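Here are some notes to read alongside the sequence and the model.

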Amino acid sequence: MKLQDFNHRCKTIRRMIIEMISVNNRGHYGSAMSLVELFVYLYDEFLNYNPKKINLSSRDRLILSKGHGCLVLYSILADKGFFPKKELKNFQKFNSMLPGHPEIHIPGVEASTGSLGHGLSVGVGMAKALKLNNNKSKVLVILGDGELNEGSIWEAALHASKHKLDNLFVIIDYNRLQSYGKNKYVCPLEPLGKKWSSFGFHVSEFDGHDYKSIKKILRKNIDSYEKPCLFISNSIKGKGYEVSENNPLWHHKNFESEEIKLLKKEFLK
Amino acid sequence: MRKQALKTIQNEASMNSKILFIGSDLGAGVLEDMKQKYPNQFLMEGVSEQYLIGFAAGLALEGYIPFVNTIGSFLTKRCYEQIYIDLCLHNLPVTLIANGGGAVYAPLGPTHLNFDDFSILRTLPNIKIFAPADALEMDRIIKGSLTINSPIYIRVGRGGEKIVTNKISQKLNILKCSTLVECKDFNIITTGSMLQAAIDISCEFKKKSKKIGVVHVPCIKPIDESKLLNIISKSKKVFIIEEHYANGGLGSSILDLLSKKRKDDLKKIDIFGIENKFYQKYGSQKELLKYFGLDNRSLFNRINKCF
């Protein structure tokens with residue numbers, strides 16, 4: 001894909017996120033915006049799936065373990081035709097199929113998440129099952145950096161390595177901000193790469209907002225390292241709008257009408 | 001009982017390659033035969049119970065039927081949220097085999113005691129909760145569990161229990177309760193290993209020319225509403241005996257049922273369980289049950305006073 005086209009796709013997805021937020025003037029804005037370029041790349045170029053045959057055994061599985069980032073997941077799933085785009089207009093409404101955290105009944109969602117620290121264990125189970133079935137599909141698990149505070153993540157990491165799950169690809173959305181503030185204040189994570197490496201993962205990193213950087217590391221025919229892979233996606237929370245970038249107050253937000261107007265002006269222009 | 005559970009799992013696994021056994025750093029040699037014969041179906045994971053449940057959920061999402069086995073107290077208390085989200089919300093056919101039901105681990109102290117498993121799990125949607133009375137019933141329940149497409153919890157007793165369920169048809173639906181001793185006016189309703197005590201007590205009463213019936217409820221959730229309502233409505237007095245805190249377990253389930261369907265029968269119920277507190281008492285399961293007034297002699301005397 002040309003860089004220009006990629007940027008256009010990301011802009012489209014950000015617009016969809018803004019439209020969803022404006023349904024109820026609320027949502028985990030910052031946590032979704034940091035994932036946009038990654039998700040566009042994953043769904044446009046990396047993952048194998050068929051939105052019309054969602055249970056195809058040959059599909060790659062993606063678990064958004066940081067379920068609060070669902071605005072980007074719903075936007076891309078709708079964009080790809082897993083469900084009609086009009087559903088986005090019902091985000092978090094009483095009878096909506098799209099709650100504030102993903103549930104498995106939504107086409108394209110592989111596991112219900114929301115409470116942090118669950119997705120990697122489930123992903124390890126899925127990857128193990130695929131191995132037992134000689135199925136070559138990949139399992140991707142997207143973790144938040146704050147989520148790494150959960151002990152269950154490290155339990156699962158130990159076992160992913162034990163089972164030599166080279167079909168498991170874990171991506172950390174490393175925007176360095178969790179709900180309260182900076183990781184290094186709340187719960188320092190560094191040296192992050194060395195930690196995962198010592199847990200038996202092949203570790204690499206990319207700029208989570210740079211198409212070429214993502215593509216260079218996450219190639220379609222990614223090498224087999226005979227062990228699970230961990231990717232650190234260096235990202236910016238709230239990416240795309242100056243006021244929201246690196247601003248923990250925009251992790252989850254109840255928006256004033258004026259703020260929605262400004263967001264629309266920024267993204268829908 | 002646990003040996004039987006593992007034996008049945010191995011037998012079923014030999015016929016169905018989707019059945020997996022997942023242990024959590026269990027004792028050396030557990031299911032060695034299965035490990036040798038069916039290495040792909042035997043998974044011994046670390047002391048990582050939260051992971052274990054998510055791992056089983058991932059396998060089940062891909063069509064496997066995992067049986068997870070470790071100490072019950074860890075499964076219920078430590079993994080509550082994993083059971084709630086990973087198993088119940090996804091409604092997956094994962095069976096939890098919980099060692100050390102009730103006071104089995106008496107000498108090990110409160111970290112290992114399991115007086116609250118029914119109460120902890122009872123409010124979770126989709127889960128089914130079982131407490132077999134002996135090895136024979138364990139075999140029937142494990143086989144029956146394969147026909148249920150949702151999470152299952154099975155409490156495991158101490159082991160070596162006398163077989164008392166041989167009069168129950170092997171074809172009986174595992175969700176149903178059974179009457180082991182018939183009596184119209186007075187009945188004991190119980191579950192799990194306490195069925196042994198209930199039958200012994202009933203025999204003692206018989207020797208004294210008093211009659212008391214025994215009803216066994218192997219499935220705490222969903223409870224066999226119609227049969228229990230029928231028995232209770234005909235009874236003058238009902239004694240619920242359980243190796244569980246007196247709040248939240250079988251007794252509470254029955255009180256819930258009566259308060260919903262037949263309030264007039266509430267006054268017939270006496271619950272003999274464990275008072276809801278910590279105890280600095282250890283020793284053996286037998287000693288602890290005696291301390292709680294749940295040994296045969298104490299139960300006989302407590303019930304006798306109510307006649």
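1. Which domains does the domain assignment give for chain B? The model is a predicted one. In chain B, the assignment places domain 1 at residues 2–155 and domain 2 at residues 178–306. The C-alpha centres of domain 1 of chain B and domain 2 of chain B are 26 Å apart. Domain 1 of chain B brings 29 residues to the contact, and domain 2 of chain B brings 32 residues.

2. How much area is buried between domain 1 of chain B and domain 2 of chain B? The figure is about 2,100 Å², and carbon and sulfur atoms give 60% of that area. The size of an interface is often expressed as the accessible area that is lost when the parts come together.

3. Polar features also link these two domains. Between domain 1 of chain B and domain 2 of chain B there is one salt bridge. Arg122(B) and Asp256(B) are joined by a salt bridge between their side chains, at 3.3 Å from N to O. The count of residue pairs in polar contact between domain 1 of chain B and domain 2 of chain B is 18, with both residues at pLDDT 80 or more. On the side of domain 1 of chain B that touches domain 2 of chain B, at least two residues each come from α6 (117–122), β5 (128–130) and α7 (135–145) of chain B. The largest share of that side is supplied by α6(B), with four residues.

4. Next, the two chains. Chain A puts 25 residues in contact with 25 residues of chain B. About 2,000 Å² is buried between chain A and chain B, 58% of it from carbon and sulfur atoms. Of the area that chain A buries against chain B, 27% comes from His118(A), Leu132(A) and Glu155(A), more than from any other three residues.

5. How many salt bridges are counted between chain A and chain B? There are two. Arg61(A) and Glu62(B) form a salt bridge, with their closest N and O atoms 2.7 Å apart. Across the interface of chain A and chain B there are 13 residue pairs in polar contact, both at pLDDT 80 or more. Two or more residues each on the side of chain A that touches chain B come from α5 (119–132) and α6 (151–162) of chain A. The most come from α5(A), with nine residues.

6. Last, the cysteines. Cys219(B) is buried, at 1% relative accessible area. Cys229(A) is also buried, with a relative accessible area of 1%.

How values were computed:
Residues are numbered from 1 along each chain as its sequence is written. Chains are lettered from A and ligands numbered from 1 in the order in which they are written. This is a predicted model: local features need pLDDT of at least 70, side-chain atom pairs count only at pLDDT 80 or more; totals for chains, interfaces and linings use all residues. Side-chain values use heavy atoms; hydrogens and water are left out. Buried means under 20% relative accessible area, exposed over 50%, partly exposed in between (1.4 Å probe, protein chains only). Domain bounds come from an automatic or database domain assignment. Contact means heavy atoms within 4.5 Å. Buried area is the accessible area (1.4 Å probe) that two parts lose on being put together, summed over both. A salt bridge is a side-chain nitrogen of Lys or Arg within 4 Å of a carboxyl oxygen of Asp or Glu. A polar contact is a pair of N or O atoms within 3.5 Å; within protein, one must be able to donate a hydrogen and the other to accept it, and residues adjacent in sequence count only if both atoms are side-chain atoms.
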